[in-house]
Amino acid sequence: MSLQLHIDLARWLRDRLDDGTSREMVMASMLGTGYDAKTTEQACALAFDTPAKLDEIIAKQAKAAENAKPAATWAEEFTPAHPIPMAEARNRVPADHGDIQIVARSGRPYVLALANFLTADECHELIEYARGRISRATVVNSVDGGDLVDERRTSELVMLRLAETPLIDRIDKRIEALTGIPVPHGEGLQVMRYTVGAEYQAHYDYFDFASPGEAMHLKFGQRVATLVMYLNDVEGGGQTTFPNGDIEVVPQTGNAVYFAYTDREGRSDTMSFHGGAPVTAGEKWIATKWMRERPYHS
């Protein structure tokens with residue numbers, strides 16, 4: 001058998017064997033999350049017909065992983081692959097609609113707070129375009145890679161396509177001009193609404209290689225950076241928090257926060273742990289852009 005089984009998938013298959021999941025259900029789950037028929041058949045034959053070989057693969061790859069360069073820790077230096085050099089040297093960055101102001105910086109985690117990333121009119125147009133199309137937000141299921149409603153994330157959202165409207169196209173090109181990350185590397189813009197009490201508890205935006213469900217989302221490369229754009233002033237709460245860096249960014253119309261968390265060796269920074277604090281008064285509207293190391297196709 002020529003199949004090269006990734007350790008994440010091997011461990012997931014071992015877990016399915018241990019919990020008694022049938023061969024048919026495992027095959028259906030793999031096919032449903034994007035594996036092709038040949039890979040699915042070979043992987044299931046290995047797991048169900050020769051489980052000892054599966055355990056050998058897990059042990060061998062786990063040993064190899066121990067000898068690999070470890071993930072960055074909080075005590076180590078970390079240089080993201082996609083900082084914004086212009087923003088490091090200047091307090092204002094020219095853009096198509098005027099200057100974007102740098103109002104705060106952090107080197108670790110790498111965070112830039114930006115003013116005037118969007119105009120008030122652009123914010124209003126984006127809110128009205130999304131209003132009525134939003135539904136309950138989900139997270140990635142760490143087991144099978146699907147969508148999962150989770151109490152850690154209680155906002156509503158709508159996912160938009162690249163160039164879906166002239167405004168969205170203009171925003172994506174502005175992001176490219178600022179960050180240097182090509183538009184095709186970006187996932188579609190997400191517009192979210194948080195009402196009173198809604199929050200997104202602290203989490204990482206990058207995917208965990210050790211989680212089979214999250215690993216399935218890595219076929220277009222790891223996420224490398226995030227831009228959160230604030231579409232309205234929030235009466236109370238709703239700040240973007242970075243607990244490991246003791247940083248909070250208060251949402252204001254047209255402002256944004258950019259953070260980069262994957263280096264050129266593919267390591268992701270644990271210091272980028274972040275969340276959206278509960279809204280205590282009014283509501284919060286944001287637009288989020290996740291960017292990948294390779295072109296992304298949904």
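# A guided tour from loop to cavity

Begin by selecting P109, which lies in the loop between β2 (98–107) and β3 (110–115). Strands here are DSSP runs of E with at least two residues, helices are DSSP runs of H or I with at least four residues, and both are numbered from the N terminus. The model is predicted, so local features need pLDDT of at least 70 and side-chain atom pairs count only at pLDDT 80 or more, while totals for chains, interfaces and linings use all residues. Residues are numbered from 1 along each chain as its sequence is written, and side-chain values use heavy atoms, with hydrogens and water left out.

**Stop 1: two loops**

The peptide bond from R108 to P109 is cis, and its omega is near 0°. Next, select N116, which is found in the loop between β3 and α6 (120–130). Phi of N116 is near 60°, a positive value in a residue other than glycine.

**Stop 2: a pair of helices**

Select α2 (residues 23–32) together with α3 (residues 37–49): the two helices pack at an angle of about 145°, and their axes are 10 Å apart. Axes are lines fitted to C-alpha atoms, for helices over the stretch in contact, and angles run from 0 to 180 degrees between N-to-C directions. The crossing of α2 and α3 is right-handed, that is, the near helix is turned clockwise from the far one by less than a right angle. Residues in contact (heavy atoms within 4.5 Å) include V26, M27 and M30 of α2 and A43, C44 and F48 of α3. By class, this contact of α2 with α3 has 9 nonpolar, 2 polar and 3 charged residues. Ala, Val, Leu, Ile, Met, Phe, Trp, Tyr, Cys and Pro count as nonpolar, Asp, Glu, Lys and Arg as charged, and the others, Gly among them, as polar.

**Stop 3: an open sheet**

Now select the 4 strands that form an open sheet in the order β9-β15-β12-β13, with antiparallel pairing. Two strands pair if DSSP finds at least two bridges between them. Because β9 and β13 (247–249) stand at the edges, each with a single partner strand, one side of each is left without a neighbour in the sheet. The twist averages 15° from one strand to the next. Strand β12 (residues 240–242) pairs with β13 in the antiparallel sense over 3 bridges; select F242 to find its bridge partner in β13, I247.

**Stop 4: the cavities**

How many cavities of 30 Å³ or more does a search of the whole structure find? The search finds 2. A cavity is a set of points on a 1 Å grid over the protein atoms alone where a 1.4 Å probe fits but cannot get out, and lining residues have an atom within 4 Å of a point. Grid points are joined across faces, edges and corners, and a volume is the space filled by probe spheres set on the points.

The largest cavity has a volume of about 160 Å³. Of the 17 residues that line the largest cavity, select the closest to its centre: Y200, V228, H274, I286 and T288. The largest share of this lining, 4 residues, comes from β17.

Finally, move to the second largest cavity, with a volume of about 60 Å³. Its lining includes L162, D172, I175 and K289. Here the largest share, 3 residues, comes from α7.

Methods:
On a 1 Å grid over the protein atoms alone, a cavity is a set of points where a 1.4 Å probe fits but cannot get out, and a pocket is an open set with protein on both sides within 12 Å along at least five of seven lines; lining residues have an atom within 4 Å of a point.
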